[in-house]
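Reader: I would like to learn how to read side-chain pairs, helices and surface patches in a model. Can we take them one at a time?

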Amino acid sequence: MSTNAKSLTKEVQNIRIIEKIKLHAELIAAGLSGVLILAGWLFDKYGSGADSIIAYLLAFVIGGFAKAKEGIEATYENKELNVEMLMIFAAVGSAIIGYWTEGAVLIFIFAVSGALETYTMNKSHKEISSLMKLQPEEALLITNGYEKRVAVSELLVGDRILIKPGERVPSDGMIIKGQTNIDEAAITGESMPVSKGEQADVFAGTVNMTGSITVQVTKASNDTLFQKIIQLVQSAQSEKSPSQLFIERFEGTYVKVVLLVVMAMFFLPYFLLGWSWHESFYRAMILLVVASPCALVASIMPATLSAISNGARHGILVKGGVHLENLSHIEAIAFDKTGTLTKGKPEVTEVIVKEGLEKENLIWKAASIESHSNHPLANAIVKHAKKNIRKELFHPDSLEDVPGWGVKAEMNGEQWKIGKAAFVGTEKADSFADGKAKALASLGNTLVFIEINGELSAMIAMKDVVREETKLGIDHLKKQGIRTVMLTGDSEKTARAIAAESHVDEFFAECLPEAKVEQLKQLKEKYKTVAMVGDGINDAPALAIANVGIAMGEGTDVALETADIVLMKNDLPRIAEAIRLSQRMNKIIKQNVIFSITVIMLLISSNFFQMLDLPYGVIGHEGSTILVILNSLRLLKS
């Protein structure tokens, strides 16, 4: 490697390190603040008072800078004081009366909470980046018979583009030439590729699997269905929850009341009660310390972290306390079908062979043909054969893929056709095996027919089967009085069969991402607090707009990033367990809040009646904090 290349590599590494430091600056500052507090305490304990004060001052500045800056800027912009400012005042007030440790710890607690908030905000932007990676940057534009690579943003409505097998569709459009199978999992979530020919619509972000197609662009690049998914995620994430809005309204009032009372303590006791200036100032400073909401903060954060740790041990990853809190209020849960209620991969459910033919031999030959295809249905047949037949698959003499229909093959002089009903003759397919095809289709099966030498010889039924734990998980939720709903891009017939098998209360079929979002909005109006469970890119907008978004651990990166809760082992019964954990957490938080408010009011009253000295105020203030933390740690138990 040349010197210039090494220098460039080192420079890139330095830039990355700097970016990481910037990303975690608040967390680093909080950590340094904690170290300085420990140093100050040690200096104070071993007689170095000056060094102790220097350490505490540095802890104040380093730990409190970000929150002080945020508080001052918010106060300037909104023309209203906030909790950040109150915490800074309380910390400074405690230092003024000689309690440096108290003030520094207050700064440290607030700095850590601020760092976690910032980290969560940075993390929430990743799903947008993941979505953007699935949008092709270039398209093959056809002009006067010539092909030219152009940026997708340059495409105009009416342009013609060529999309080759394996490429992603760069823009919404209509097929004007060719036939292929399209994997639309990015849009509908359906695991089965869809056969499409001329006049059929295709969507940006989907994958062209088999044949080359010429598509006429019908929408501008910024108006595609895929772009709408991105916009829906962004819009849903910007919506504030009712609890957040309430806290923001409460914040200004709380700060004003505390500061007004503190100011009153400076003057009124001196003029009205005959206190000395020293006593009034002393009592005002004690009030500022005991009125700081340390115990209230400790009422929620340790309980939340304990509950989150408990959930993590059981495969339930929660991205924030507010989401775990909301779980206990859920009245309805919407589920995506493919990959959530079902395994997301088709499996052979039944093989019907014409009388006189050996089933095992026929499946072996069919699997040998299908082993040359990457279609999910072909893979299901091959998997079924390998599981049930102990024979090595072989290569047919000749094979021809017929896009949108199936495959033709020749082996040992036999002419084989494997594909959908229309490929072998719809009438023959419908009447095969006494018309059993209709009954199997009504149960949600996809049917593949096998014709040998012009004679319909077999029918293979395949289905995206319901997960074994799905029924148990749904039944647990029903016992908790929660309404269960399935949202899927599948047809009405398939959706009805899966809904019945999985025990959900109701279902909505043929749902594109926009339709899922609309259904979620309607459910929220009806049930107030609604959760969404999904695993695909197409579920991202619905996951974002739900009160609680729950993703399956094996889902796409976008779903995992957008969701509030992730089931790491794809275990649906864990949802009911998470709800019970949420109920326990909320109960303990209520106990803590009531206790801490009672203690604060008692300390404030005692201070006003001159019954509370500073050491006892500190003991009461810190003691109540320790007690609520110990109460919260009970949530660590399973």
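Author: Start with charges. This is a predicted model. Side chains of opposite charge can pair when their charged atoms come close. Here E414 and K365 meet in a salt bridge, 3.8 Å from N to O. E414 lies in strand 15 (residues 414-419) and K365 in helix 13 (residues 359-370), so the pair ties together parts 49 residues apart in sequence.

Reader: Is K365 buried or partly exposed? And E414?

Author: K365 is buried, with a relative accessible area of 15%. The cut-off for buried is under 20%. E414 counts as partly exposed at 24%.

Reader: Which residue forms a salt bridge with R483?

Author: E506 does, with the closest N and O atoms 3.4 Å apart. E506 sits in strand 19 (residues 506-508) and R483 in strand 18 (residues 483-487), so this pair ties together parts 23 residues apart in sequence. E506 is partly exposed at 21% relative accessibility. R483 is partly exposed too, at 30%.

Reader: How many salt bridges are found in the whole structure?

Author: The search finds 16. Another of them pairs R149 with E167, at 3.5 Å between the closest N and O atoms. R149 is in strand 2 (residues 146-151), and E167 is in the loop between strand 3 (160-163) and strand 4 (173-177), so parts 18 residues apart in sequence are tied together. R149 is partly exposed at 45% relative accessibility. E167 is partly exposed at 23%.

Reader: Now helices. How do I check the span of helix 14?

Author: Count residues, then compare the ends. Helix 14 (residues 376-388) has 13 residues and should span 18 Å at 1.5 Å a residue. Its end C-alpha atoms are 18 Å apart, which agrees.

Reader: Which residues of helix 14 are buried, and what covers them?

Author: Begin with the general idea. An α-helix has 3.6 residues a turn, so residues three or four places apart point the same way. In helix 14 the buried residues are P376, L377, A378, A380, I381, V382 and A385. Their cover includes strand 12 (342-353), helix 13, strand 16 (446-452) and strand 17 (455-466).

Reader: Next, rings. What describes a pair of aromatic rings?

Author: The distance of the centres and the angle of the planes. The count here comes to 9 aromatic pairs. F267 and W277 form one that is edge-to-face, at 6.1 Å centre to centre with 85° between the planes. F267 lies in helix 8 and W277 in helix 9 (residues 277-290), so the pair ties together parts 10 residues apart in sequence. F267 is partly exposed at 39%, and W277 is partly exposed at 43%. W364 and F394 also pair edge-to-face, at 4.9 Å and 65°. W364 is in helix 13, and F394 is in the loop between helix 14 and strand 13 (398-402), 30 residues apart. W364 is buried at 18%, while F394 is partly exposed at 22%.

Reader: Which residues do ring pairs link into a cluster?

Author: F266, F267, Y270, F271, W277 and F281.

Reader: Last, the surface. Which residues form the nonpolar patch?

Author: Among them are F267, Y270, F271, L273, W277 and F608. The patch has about 1200 Å² of accessible area together. Its largest share, 7 residues, comes from helix 8 (residues 242-273). L273 is in helix 8 and is partly exposed at 47% relative accessibility.

Technical notes:
Residues are numbered from 1 along each chain as its sequence is written. This is a predicted model: local features need pLDDT of at least 70, side-chain atom pairs count only at pLDDT 80 or more; totals for chains, interfaces and linings use all residues. Side-chain values use heavy atoms; hydrogens and water are left out. Patches are made of residues with over 30% relative accessible area and no salt bridge: like charges are joined within 9 Å, nonpolar side chains (Val, Leu, Ile, Met, Phe, Trp, Tyr) within 5 Å. Accessible areas come from the Shrake-Rupley method with a 1.4 Å probe; for residues, only the protein chains shown count as cover. A salt bridge is a side-chain nitrogen of Lys or Arg within 4 Å of a carboxyl oxygen of Asp or Glu. Helices (H or I, at least four residues) and strands (E, at least two) are DSSP runs, numbered from the N terminus. Buried means under 20% relative accessible area, exposed over 50%, partly exposed in between (1.4 Å probe, protein chains only). The expected span of a helix is 1.5 Å times one less than its number of residues. Contact means heavy atoms within 4.5 Å. Rings of Phe, Tyr and Trp (its six-membered ring) pair if their centres lie within 6.5 Å; planes under 30 degrees apart count as stacked, over 60 as edge-to-face and the rest as tilted.
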